[in-house]
Each structure stands twice: as C-alpha cells, then as structure tokens.
Amino acid sequence: MAARGNGRHGRDAEGNRAGHVLALVATAAVALVLAVSIAFAAGARHREHFRTQATTSARTSSPTTPAPSPEPATGDAAQRDDDGAGDAKGDDDAAQRRGDATARAKRIVDAMSLDERAAQLVMAPLAAGTDPSALASLIGDDHVGSVILMGNWASGVDGVRAAIDALRGYATDGTPLLVATDQEGGLVQHLQGPGFETMPSALEQGRLTVDALREDSRRWGAQLHAAGVDVDLAPSVDTVTIDRAANAPIGALDRDFGLDADGDARHAVAFIDGMRDAGVATAVKHYPGLGSVTGNTDFTADGIVDTTTDADGPEVAAFTEAIGEGRPAMVMMSLASYAQLDPGVPAAFSRPIVTELLRERTGYDGVVISDSLSASAVGGVEPTQLGVRLVEAGGDVACINDPAYTTPILAGLRARAAADDAFADRVTASATRVVAMKIAIGLIR
C-alpha cells in the first residue's frame with residue numbers, strides 16, 4: 001500500500017505577555033541577540049565541518065576527512081538535529097565512541113582464533129520455509145557471524161522473530177549473530193505478513209518529501225526491530241542514467257528513488273535516518289552504482305559493464321553524500337565492472353574501487369559488504385576464491401544468497417589466511433571492523 005504522509009507540526013510561537021516591565025523586555029532582547037549570534041556561529045562551524053566530512057572533492061585525488069562509522073542505534077547518542085547532522089560536540093562524542101568501539105573490538109578479535117575471525121566475514125542465507133536448525137552447525141561450530149533472511153517470508157513479525165531467536169541461540173561463542181534482510185519496498189521486500197506493512201517501491205518513496213520518508217522509514221524500521229532484524233540492506237543509492245526499462249537491475253524494478261543524484265542521496269539519508277530512529281542499521285548499495293548497466297548481475301554476466309561512471313561524476317557523489325551524512329552501517333559493493341575505474345574487474349573485487357576510491361578518497365572506514373557472491377555475474381570465479389578476492393580488494397563481509405556457496409567461501413578464507421600472513425592480517429582487520437559495527441549498533445553491549 002502507499003506510504004502515509006506524515007506532517008510535521010512546529011509549536012506556535014507564544015505572544016509576549018502584556019505588563020512586562022521595560023527592563024525585562026530589554027534584557028530579553030539582548031539575550032536573544034546573543035543567542036542568535038552564538039547559534040549562527042555554531043551552525044556555520046558545523047556546516048563547514050559537514051561539507052568537509054560528507055563530500056568528496058571533485059577535482060583532487062587527496063583523501064577527504066574520513067566518514068564516520070555508524071553510531072549506536074538507540075539512546076541519546078543516536079539523536080540528531082532535524083537536518084540529520086549533529087553539532088560539533090556531537091561529532092567529537094561520536095568520534096570518541098567509534099574509538100572506544102574499535103578498541104573494544106580489537107580486544108574481542110584478539111581473543112578469537114584465525115578461523116573464528118574468518119567466520120565473522122561470512123553472511124550465510126536462510127531462505128523462507130527453511131528451518132533455522134539448518135544453520136545450527138555453521139553458527140555454533142563454524143562461528144559464522146551473520147545471516148541474511150531471503151525469499152518471501154509470510155510468517156509476519158512473530159514468525160520472523162521466532163526464527164531469529166532460534167538462530168541467535170546457536171551462537172555460543174559470546175559474539176552475537178547479526179541478522180540482515182533486504183527490505184527496500186516494492187518488489188524487494190522479503191519480510192511480509194502480519195505486522196509488516198506492504199512498503200511502496202523506492203520510486204514511490206522518491207515522490208515523498210524527505211521528512212515524510214523519514215517518518216515512514218521509522219515505522220517500517222520499527223517493524224523490523226520488533227522482528228529482531230539488525231540491518232536492512234537498503235536503500236539503493238543507484239542513479240539511473242539510461243532508459244529505465246533497459247536498466248534491468250534497478251530502473252526496470254523501480255528500486256531507485258527516480259530522482260537526480262542529489263535527490264537520490266537526500267532521500268537515501270532520510271531512509272537511513274528513519275531506520276536508525278527505530279533502532280535498525282542500514283547498508284547503502286550498490287557502490288559505485290548500477291544505474292548505467294543493462295544486465296542484472298544476479299542473473300547474468302552480460303550487459304554488466306558500466307562505461308560512463310567515473311570517480312568525479314554525480315553517481316559516485318550521491319554515495320559520498322549518503323555515506324557522509326547518513327552514516328550507514330555498511331556499504332554494499334556492486335558486481336558490475338566499471339571501465340572508467342578498473343576495467344574488467346567486478347567492483348567488489350577491485351582494490352582501486354574499494355580501497356582507493358571508497359576508503360581512501362571518500363574516507364569511508366566502516367564495513368564493506370559484497371552483493372551476493374553466489375550471483376551469476378561472478379559465476380566464473382572458483383567459489384573458494386570469492387571471499388578471498390573481496391578481502392584482497394579491501395572488503396569485509398561476503399554476502400551469500402545460495403547456501404551451497406557458504407561452506408566453500410568460508411573454507412577459502414580460512415585456507416588463505418592460514419597460508420598467508422599478510423592476508424591473515426587483512427582478515428583480522430576486517431573482523432575488527434565487523435565486531436566494531438556490532439558494538440556500534442548495540443548488538444554487543
């Protein structure tokens with residue numbers, strides 16, 4: 001059903017009370033002038049800070065100020081002003097919390113075996129209709145750190161919650177399991193049934209004001225939170241640059257907001273903020289954009305070469321804005337290849353894209369997750385090497401939709417880490433980012 005419009009109502013200004021003495025009026029006026037001056041100066045400082053933090057220079061290869069990692073999803077620390085940005089003190093506090101989370105994560109990861117660290121980098125699938133016990137050994141014995149709920153779950157909030165509670169019960173090593181799903185709206189809404197609204201497509205969401213979208217997203221997020229979901233692998237920040245019907249993965253399915261790059265970014269931030277308000281983290285996707293290809297990477301290896309997207313273009317800038325201002329928990333990498341960025345290499349396996357563009361130039365220091373590594377786009381890669389190539393590029397979490405790929409991907413990560421000290425160090429760094437994220441979103445308390 002269509003999203004409800006949600007108006008915002010400010011308080012009516014109160015009139016001055018008659019009978020105040022002139023001295024009090026004068027004092028109040030002076031105080032008001034001082035307050036406005038201070039607020040203006042503080043706002044200017046914040047706006048300058050945000051511009052430095054959230055945008056990438058269009059004409060320099062120098063790294064920008066690092067984009068902040070996700071903040072806790074609940075509590076006073078997660079509250080932000082209506083425009084989605086905190087003040088300077090809030091930024092300092094957030095930096096301190098990130099530092100604390102990273103330090104704590106390092107201690108937790110140091111206590112893990114190398115095999116356990118590698119398992120934190122795997123997101124195994126649980127399809128609708130599959131008993132959660134199918135993942136008991138992977139979670140309990142192999143210590144897989146994340147699960148994605150796939151398919152058409154019709155059991156409603158209570159049914160999903162029961163499945164997630166069972167999954168969490170298999171994690172006996174003290175590191176909680178992270179549970180994610182794809183709940184974009186429209187044709188991509190895996191969780192349905194009693195308690196879950198039928199979400200409008202992203203294209204319809206793009207017709208809402210950002211305030212209305214944030215309110216709707218908060219409501220959808222509350223439903224996910226009640227079901228026990230930690231991360232919504234949404235929104236899509238892809239900007240469609242070709243005929244919509246020809247753009248099979250995004251435009252043809254109405255998975256984008258249907259706006260220009262700046263409008264797509266602003267609506268993505270509203271979606272992220274609403275989810276965060278409800279205690280649910282997010283992942284923007286599919287970096288650096290799937291809006292200029294014809295093939296759907298899930299089903300084909302044809303038509304998935306983007307010949308136009310470049311580092312300084314608006315499509316990448318939309319992600320930079322959504323990452324810098326929205327602070328999603330993760331960034332999901334596309335499986336298309338980009339002729340202007342790293343020809344012939346899927347973005348998830350590209351060090352120039354993951355490390356040099358996203359991490360170093362954009363300044364993103366959080367968790368990088370792949371699009372499904374069981375997709376047809378990377379079907380020519382030996383399954384044991386899929387996770388390896390992701391981590392070599394600078395990525396962290398191997399997202400998997402086909403359960404047959406889970407064990408080979410985990411085995412490949414473990415074998416390479418055992419044989420290569422430098423790769424083992426990368427696994428440790430990635431596991432630390434994953435655990436720090438779990439701390440930041442409140443999963444590890």
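Visitor: Which strands each supply at least two residues of the lining of the largest pocket?
Guide: This is a predicted model, and in it β2 and β7 (281-287) each give at least two residues to that lining.

Visitor: How many residues line the largest pocket, and which lie nearest its centre?
Guide: There are 25 lining residues, and M150, D182, R255, D298 and N401 are the ones nearest the centre. The space in there comes to about 430 Å³.

Visitor: What classes of residue does that lining have?
Guide: You'll find 12 nonpolar, seven polar and six charged residues in the lining of the largest pocket.

Visitor: OK, back to strands. How do I read one?
Guide: Here's the general idea: along a regular strand, side chains alternate between the two faces of the sheet. Now take β1, residues 122-127: five of its six residues are buried, so the rest of the structure largely encloses it. "Buried" here means under 20% relative accessible area.

Visitor: Which strands pair with β1?
Guide: β2 (residues 146-150) pairs with β1 in the parallel sense over five bridges, with P125 standing opposite I148 of β2. Then there's β13 (residues 398-399), which runs parallel to β1 and is joined to it by two bridges. V122 has A398 as its bridge partner in β13.

Visitor: How many cavities of 30 Å³ or more turn up in the whole structure?
Guide: The search finds two.

How values were computed:
Residues are numbered from 1 along each chain as its sequence is written. This is a predicted model: local features need pLDDT of at least 70, side-chain atom pairs count only at pLDDT 80 or more; totals for chains, interfaces and linings use all residues. Side-chain values use heavy atoms; hydrogens and water are left out. Buried means under 20% relative accessible area, exposed over 50%, partly exposed in between (1.4 Å probe, protein chains only). Helices (H or I, at least four residues) and strands (E, at least two) are DSSP runs, numbered from the N terminus. Two strands pair if DSSP finds at least two bridges between them. On a 1 Å grid over the protein atoms alone, a cavity is a set of points where a 1.4 Å probe fits but cannot get out, and a pocket is an open set with protein on both sides within 12 Å along at least five of seven lines; lining residues have an atom within 4 Å of a point. Grid points are joined across faces, edges and corners, and a volume is the space filled by probe spheres set on the points. Ala, Val, Leu, Ile, Met, Phe, Trp, Tyr, Cys and Pro count as nonpolar, Asp, Glu, Lys and Arg as charged, and the others, Gly among them, as polar.
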